[in-house]
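These are my notes from a first reading of the structure shown below. I set down what I looked up, entry by entry.

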Amino acid sequence: MYINNYAKVIVNIGVTVENGDLIKINFSPEHLPFVREISKEAYKSGAQFVSLNIRDSEIDKDRVRYLED
């Protein structure tokens with residue numbers, strides 16, 4: 001699949017992950033398969049840790065909706 005090729009380009013050319021790097025990925029739930037490929041490639045390239053920060057648009061909407069003024 002092409003998703004693996006895109007992940008390789010992001011990790012090796014776009015971000016240039018090196019040994020010992022700490023990586024943080026912000027993403028939406030629908031992108032999880034792609035994020036898995038990116039994190040796999042990051043670990044292959046020597047990343048020490050890949051931190052995932054999931055963002056959900058429905059939760060974000062609720063946060064704004066119910067925030068107190």
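**Notebook: burial, fold and core**

I began with burial, and found that 25% of the 69 residues of the chain count as buried. I note here that the model is a predicted one.

**Entry on the elements.** I looked up the secondary structure and recorded 3 helices and 2 strands. Read from the N terminus, these elements follow the order α-β-α-β-α. I then checked how spread out the chain is. Its radius of gyration is 15 Å, whereas the globule rule gives 11 Å for 69 residues, so the chain is more spread out than a compact globule. The C-alpha trace spans about 45 × 30 × 15 Å along its principal axes.

**Entry on contacts and surface.** I considered contacts between residues at least 6 apart in sequence, and 82% of these join residues at least 24 apart.

**Entry on the core.** Which residues make up the largest nonpolar core? I listed 11 residues: A7, V11, V17, I23, I25, F27, V35, I38, A42, A47 and V50. The elements α1, β1 and α2 each give two or more residues to this core. I set beside this a general remark: in soluble globular proteins, nonpolar side chains tend to be buried together.

Leaving aside neighbours within four places in sequence, V17 is in contact with V11, I23, A42, S45 and A47. Of these partners, V11, I23, A42 and A47 are also listed in the core.

**Entry on T16.** I looked next at T16, which is found in the loop between α1 (2-14) and β1 (22-27). T16 is not a glycine, yet it has a positive phi of about 50 degrees. Its relative accessibility is 40%, so I recorded T16 as partly exposed.

Terms used:
Residues are numbered from 1 along each chain as its sequence is written. This is a predicted model: local features need pLDDT of at least 70, side-chain atom pairs count only at pLDDT 80 or more; totals for chains, interfaces and linings use all residues. Side-chain values use heavy atoms; hydrogens and water are left out. Helices (H or I, at least four residues) and strands (E, at least two) are DSSP runs, numbered from the N terminus. The radius of gyration is taken over C-alpha atoms; the globule rule is 2.2 Å times the number of residues to the power 0.38. Buried means under 20% relative accessible area, exposed over 50%, partly exposed in between (1.4 Å probe, protein chains only). Contact means heavy atoms within 4.5 Å. A nonpolar core is a set of buried Ala, Val, Leu, Ile, Met, Phe, Trp, Tyr and Cys residues joined through side-chain atoms within 4.5 Å.
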